[in-house]
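Visitor: I am new to this structure. Please show me how to read it, one feature at a time.

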Amino acid sequence: MSNTPMAASPLTRAVLEIDEYASGLGWNQPARLFALVDTARLRAQEPGLAAQLGLENEQETIGLTPIEQDEIPAGKPLDEFLGTIAWPDAVVGCALTVERLMLPPSAEASVPEGLSGKKLTQWVAAHPDRQEVRMTVGVLRDGTRDSALRLREKDAATEVLTGAGLVPGLAEALSATFAD
């Protein structure tokens with residue numbers, strides 16, 4: 001993606017590229033799963049696919065190419081779906097982008113007792129301080145992680161937060177897809 005800022009690591013660049021792609025699709029999108037492959041290896045081993053992805057003239061020799069996977073089945077909990085994934089050796093990492101509602105920590109004390117599941121989701125959706133957030137989390141086989149968070153109310157590339165520990169639960173779930 002031409003608007004993706006330069007970042008310190010290939011994983012950070014891939015996560016930001018996926019965030020930019022998801023941003024271009026707008027909000028209220030389903031979760032999307034991406035395989036991350038080594039760009040140089042892809043060009044060498046699959047030149048036809050690399051050309052189809054527009055990578056044949058890339059100057060960079062190190063980097064990761066995100067390849068969107070089939071749609072995540074609707075109605076199946078995300079953690080259950082992720083538990084069914086096994087990646088081939090050519091996939092060096094994976095990433096997921098998903099939208100959620102979140103509340104500020106100050107709202108935690110006001111959660112009614114005994115709410116769970118659907119009722120808790122409804123309560124959060126009706127809360128006046130709720131925030132819509134798009135989370136993009138990427139992990140590599142070696143355990144490296146990175147994330148990008150974009151709030152709907154601050155929907156600009158310059159407002160995207162990045163960091164390895166922003167969404168630890170989702171990073172753990174994605175890392176588990178590489179467990180033997």
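Predicted model: local features only at pLDDT ≥ 70, side-chain atom pairs only at ≥ 80, totals over all residues.

Visitor: Where is the place of Thr97?

Guide: Thr97 sits in strand 3.

Visitor: Is Thr97 buried or exposed?

Guide: Buried means under 20% relative accessible area. Thr97 has a relative accessible area of 5%, so Thr97 is buried.

Visitor: Which residues does Thr97 touch, not counting residues up to four places away in sequence?

Guide: Among them are Ile18, Ala22, Pro30, Phe34 and Met135. Thr136, the polar partner, is also on that list.

Visitor: What about Val98?

Guide: Val98 is in strand 3 too. Its relative accessibility is 5%, so Val98 counts as buried. Leave aside neighbours within four places in sequence, and Val98 is in contact with Ala31, Leu78, Val133, Arg134, Met135 and Leu170. Distance along the chain is another thing to read. Val98 and Pro47 are 51 residues apart along the chain, and their C-alpha atoms are separated by 31 Å.

Visitor: Now the sheet. How do strands hold on to each other?

Guide: Strands of a sheet pair through backbone hydrogen bonds, either parallel or antiparallel.

Visitor: How many bridges join strand 1 to strand 2?

Guide: Five bridges join strand 1, residues 32-38, to strand 2. One example is Leu36, whose bridge partner in strand 2 is Pro66. On to the other pairing of strand 1: six bridges join strand 1 to strand 3. There, Leu33 stands opposite Leu96 in strand 3. Both pairings run antiparallel.

Visitor: Is strand 1 mostly covered or mostly open?

Guide: Strand 1 is mostly covered, with six of its seven residues buried.

Visitor: How do I read a nonpolar core?

Guide: The largest nonpolar core has 25 residues. Leu33, Leu82, Trp87, Leu96, Leu170 and Leu174 touch the most other members. Strand 1, helix 4 (78-82), strand 3, strand 4 and helix 6 each supply at least two residues of this core.

Visitor: Which residues make up the second core?

Guide: Ala14, Val15, Leu36 and Ala95 are among its twelve residues, and this core is separate.

Visitor: What does Leu96 touch, not counting residues up to four places away in sequence?

Guide: Its contacts include Leu33, Ile72, Leu78, Val137, Leu170 and Leu174. Leu33 is also the residue opposite Leu96 in the sheet.

Visitor: How many aromatic pairs does a search of the whole structure find?

Guide: The search finds two aromatic pairs. Read the distance between ring centres, then the angle between planes. Tyr21 and Phe34 are 6.0 Å centre to centre, with 90 degrees between the planes, and form an edge-to-face pair. Tyr21 lies in helix 1 (residues 10-25) and Phe34 in strand 1, so the pair ties together parts that are 13 residues apart in sequence. Tyr21 counts as partly exposed at 29% relative accessibility, whereas Phe34 counts as buried at 4%.

Visitor: Why is the pair of Trp87 and Phe178 stacked?

Guide: The ring centres of Trp87 and Phe178 are 6.2 Å apart and the planes stand at 25 degrees, so the pair is stacked. Trp87 lies in the loop between helix 4 and strand 3, and Phe178 in the segment after helix 6, so the pair ties together parts that are 91 residues apart in sequence. Trp87 is buried at 13% relative accessible area, and Phe178 is buried at 11%.

Visitor: Where is Pro112 found?

Guide: Pro112 is in the loop between strand 3 and helix 5 (117-126). With a relative accessible area of 34%, Pro112 is partly exposed. The C-alpha atoms of Pro112 and Thr84 are separated by 34 Å, and the two residues are 28 residues apart along the chain.

Technical notes: Residues numbered from 1 in each chain as written. Heavy atoms only, no water. Pairing = 2+ DSSP bridges. Helix = DSSP H or I, 4+ residues; strand = E, 2+ residues; numbered from the N terminus. Core = buried A, V, L, I, M, F, W, Y, C linked by side-chain atoms within 4.5 Å. Buried < 20%, exposed > 50% of the residue type's maximum accessible area, 1.4 Å probe, protein only. Contact = heavy atoms within 4.5 Å. Polar contact = N/O pair within 3.5 Å; in protein donor to acceptor, adjacent residues only side chain to side chain. Phe/Tyr/Trp six-rings, centres within 6.5 Å; stacked < 30°, edge-to-face > 60°.
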